[in-house]
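Below is a briefing on one predicted model.

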Amino acid sequence: KGRLQSSRLFRIRFLKNVLEYSRFAIVVPNKIAKLAVTRNRVRRQIREILRVNYGIIQEGYDIVFYVQKDAIGKPYEELKEQVFFILKKSDLVK
């Protein structure tokens with residue numbers, strides 16, 4: 001359920017919840033990156049981007065990030081740009 005939005009590096013699915021805060025999940029499939037080290041690195045980078053900028057993200061949403069193959073090995077700044085691009089596109093930024 002929920003709405004779907006896509007960008008070059010991510011797809012997100014988001015749905016309004018009844019909580020006063022937003023929750024996030026980050027999915028990096030085995031098919032995209034075979035090594036757990038690689039999957040966890042991307043997951044940690046996205047989690048840090050969301051943590052640092054939590055104050056400007058709309059409250060009350062469940063947001064799931066699906067990482068695309070192109071995101072593997074990208075620098076932090078490029079991931080940050082794409083996270084903000086897709087959040088703005090979805091109207092999830094205050």
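Ser90 is buried, with a relative accessible area of 2%; buried means under 20%, exposed over 50% and partly exposed in between, with a 1.4 Å probe and protein chains only. The model is predicted, so local features need pLDDT of at least 70 and side-chain atom pairs count only at pLDDT 80 or more, while totals for chains, interfaces and linings use all residues. Residues are numbered from 1 along each chain as its sequence is written, and side-chain values use heavy atoms, with hydrogens and water left out.

**Surroundings of Ser90**
- Ser90 lies in the segment after helix H2 (76-89); helices (H or I, at least four residues) and strands (E, at least two) are DSSP runs numbered from the N terminus.
- A polar atom of the Ser90 side chain lies 2.8 Å from the backbone oxygen of Ile86.
- Apart from neighbours within four places in sequence, Ser90 is in contact (heavy atoms within 4.5 Å) with Arg3, Gln5, Ile12 and Phe14.
- Arg3 stands opposite Phe14 in S2.

**Sheet**
- Four strands form an open sheet of mixed pairing, in the order S1-S2-S4-S3; two strands pair if DSSP finds at least two bridges between them.
- S1 and strand S3 (23-27) are the edge strands, each pairing on one side only.
- Neighbouring strands of this sheet are turned by 20° against each other on average, direction ignored; axes are lines fitted to C-alpha atoms, for helices over the stretch in contact, and angles run from 0 to 180 degrees between N-to-C directions.
- Strand S1 (residues 3-6) pairs with strand S2 (residues 10-16) in the antiparallel sense over four bridges, and a hairpin joins S1 to S2 through three residues.
- Leu4 stands opposite Arg13 in S2.
- S2 and strand S4 (residues 61-67) run antiparallel and are joined by seven bridges.

- The bridge partner of Phe10 in S4 is Val67.
- Beyond its neighbours within four places in sequence, Phe10 is in contact with residues including Ile46, Phe65, Leu79, Val83 and Ile86.

Definitions and conventions. A polar contact is a pair of N or O atoms within 3.5 Å; within protein, one must be able to donate a hydrogen and the other to accept it, and residues adjacent in sequence count only if both atoms are side-chain atoms.
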